[in-house]
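Student: Could we walk through this model together, one question at a time?
Tutor: Gladly, let's look at it first.

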Amino acid sequence: MLGLAVLLAVTGCATSAPAGQPSAVQLTVDGKKLSDASDLQANAEAQVAYTLEYGYVARAGAAAVSCWFAKTGVESEVDKRLWCGPVQVPGTGAGTDWVPVPLKEVTKTDDEIRYEVQSPQVPEKGNRSTPSGMLVRTDGKEYDPSKQQDTTAGRDFLAVLPDDGKRSNLDLGLGDADIKLRDDLLGTAVTGWANPDIWFTSEGTLRAESGSRLRVIRMKVEKLNETDSGFHRTNWQGFAPQPSELALEVPGKRQVLPADRLPANGSVFVVYTVPDPQEGAEHLALGTLGAKSLEQRAEVPSGKRTDSPPHVLQRAASPAQFKEQTQKIRFGDRELGMKVTGVRIGRQRPVKLGESQYDVATISAPDKALLEVRVEAAGNLPDTAGGLLTKDLITVTLPDGSAAKQVGARYDGGPLPFAVVVEVPADTRSVSVGMVEGSLDLPRLGRTAISPVDSRVTLALEF
């Protein structure tokens with residue numbers, strides 16, 4: 001009955017069309033008369049009503065959702081499926097999407113063909129589905145799905161839109177916000193928020209339908225698994241680290257922001273609807289996936305935390321700018337420089353296991369942090385792949401004079417590793433890094449004496 005009600009709302013009940021109005025048409029498939037085409041439309045609309053009810057798609061137009069046939073370009077010929085809309089697949093843009101509904105052949109004669117509708121093929125979150133060409137209904141009405149139009153956003157609407165950052169919050173009508181969530185694979189910061197009656201997009205004007213309110217957040221995102229070179233590995237032990245998951249929670253609904261709609265490092269607008277009146281708060285959630293999973297949540301727009309994250313994730317991961325420093329070392333018969341090129345602090349860091357595979361180390365307790373110190377050998381380099389061994393001579397000393405425990409390193413073909421990872425207290429604000437004296441059996445060089453020439457490097461971790 002729901003599908004029939006939707007159909008009647010779209011097509012009306014008149015038996016003859018007034019002058020200037022479209023009139024009923026006979027549709028064909030492969031040159032054969034399409035039997036009971038109106039029933040197919042109604043049955044598909046009843047099926048799509050369930051996708052709306054459960055939030056797989058959202059309404060994206062002032063009119064009721066209806067189902068149409070796609071014209072093939074040949075007179076009266078249509079495609080072997082219906083297209084239902086306009087809707088919006090949560091996580092896509094602010095334009096209209098369409099749900100394809102396949103048709104299964106039941107019987108066929110020389111003149112006529114009969115179909116039945118199958119389950120709607122709802123696109124995955126963040127993926128668009130749009131017919132090409134003109135749409136038509138059995139009453140003769142036609143619709144151009146490519147035509148830009150204003151959108152009325154219904155329940156469960158969620159659009160992720162690009163932001164070039166050229167306009168200020170004030171220009172856009174946004175209030176300032178300061179919400180930060182990060183782990184070692186994804187970082188996000190909400191910088192603006194609004195509760196507008198209308199929002200302008202490149203695809204048209206956006207409003208909320210009756211019973212809903214529009215929300216907009218402006219958010220910076222960095223996919224650290226793409227921008228942090230420490231994760232640029234292919235030979236992981238088991239599975240590669242799973243990219244973290246960013247989600248928006250509104251009362252009664254959790255909407256994941258599709259990863260492919262988020263930039264590697266940039267800003268987006270997230271435009272969504274909430275029930276009106278609303279019961280409960282909205283939250284931004286960051287899920288660290290995998291064996292050492294973690295869920296972080298902050299209320300929008302206040303930023304109030306509703307979780308208890310490790311202390312290290314409440315501070316920045318690295319300084320905005322890093323000043324490189326070098327310790328001179330004696331390496332056999334030559335002098336080298338061990339240049340400290342960067343630091344990162346977090347809950348998890350990638351480390352090398354033996355000669356080939358990589359894994360992700362995790363802090364041993366919530367009050368701990370993993371500090372990664374990146375180094376580079378400079379000067380007249382010896383021909384040896386010694387990082388596996390020389391890593392043990394690089395030490396990190398805490399302010400109290402104790403040595404931080406090394407939990408791993410990353411190394412390749414040079415004389416030194418290119419990163420060492422140590423565990424430190426989460427509130428550590430400075431450390432010293434340097435090479436200590438030792439003698440190692442190195443590939444191609446044999447027994448080699450290594451010792452510092454000048455003082456250790458002091459690193460401020462105030463960021």
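Student: How many residues lie between strand 14 and strand 15 in their hairpin?
Tutor: Before that, a word on the ground rules: this is a predicted model, where local features need pLDDT of at least 70, side-chain atom pairs count only at pLDDT 80 or more, and totals for chains, interfaces and linings use all residues. Residues are numbered from 1 along each chain as its sequence is written, and side-chain values use heavy atoms, with hydrogens and water left out. Strands are DSSP runs of E with at least two residues, helices are runs of H or I with at least four, and both are numbered from the N terminus; two strands pair if DSSP finds at least two bridges between them. Strand 14 (residues 198–201) and strand 15 are antiparallel and joined by four bridges, and the number of residues between them in the hairpin is two.

Student: Which residues touch the most other members of the largest nonpolar core?
Tutor: A nonpolar core is a set of buried Ala, Val, Leu, Ile, Met, Phe, Trp, Tyr and Cys residues joined through side-chain atoms within 4.5 Å. Buried means under 20% relative accessible area, exposed over 50%, and partly exposed in between, using a 1.4 Å probe and protein chains only. This core has 37 residues, and those touching the most other members are Leu-371, Val-373, Val-396, Val-431, Met-435 and Leu-459.

Student: Which valines does Leu-459 contact, leaving aside neighbours within four places in sequence?
Tutor: Contact means heavy atoms within 4.5 Å. The partners of Leu-459 include Phe-322, Gln-325, Arg-429 and Ser-430.

Student: Is Thr-28 buried or exposed?
Tutor: Thr-28 sits in strand 1 (residues 28–29). Beyond residues up to four places away in sequence, Thr-28 touches Lys-33, Leu-34, Glu-75, Ser-76, Glu-77 and Val-78. Its relative accessibility is 12%, so Thr-28 counts as buried.

Student: How far apart are the closest N and O atoms in the salt bridge of Asp-228 with Arg-349?
Tutor: A salt bridge puts a side-chain nitrogen of Lys or Arg within 4 Å of a carboxyl oxygen of Asp or Glu, and the whole structure has 33 of them. Asp-228 and Arg-349 are both buried. Their closest N and O atoms are 2.8 Å apart.

Student: How many residues apart in sequence are Glu-372 and Arg-410?
Tutor: The side chains of Glu-372 and Arg-410 meet in a salt bridge with an N to O distance of 2.7 Å. Glu-372 lies in strand 26 and Arg-410 in strand 28 (residues 405–410), so the pair ties together parts of the chain whose separation in sequence is 38 residues.
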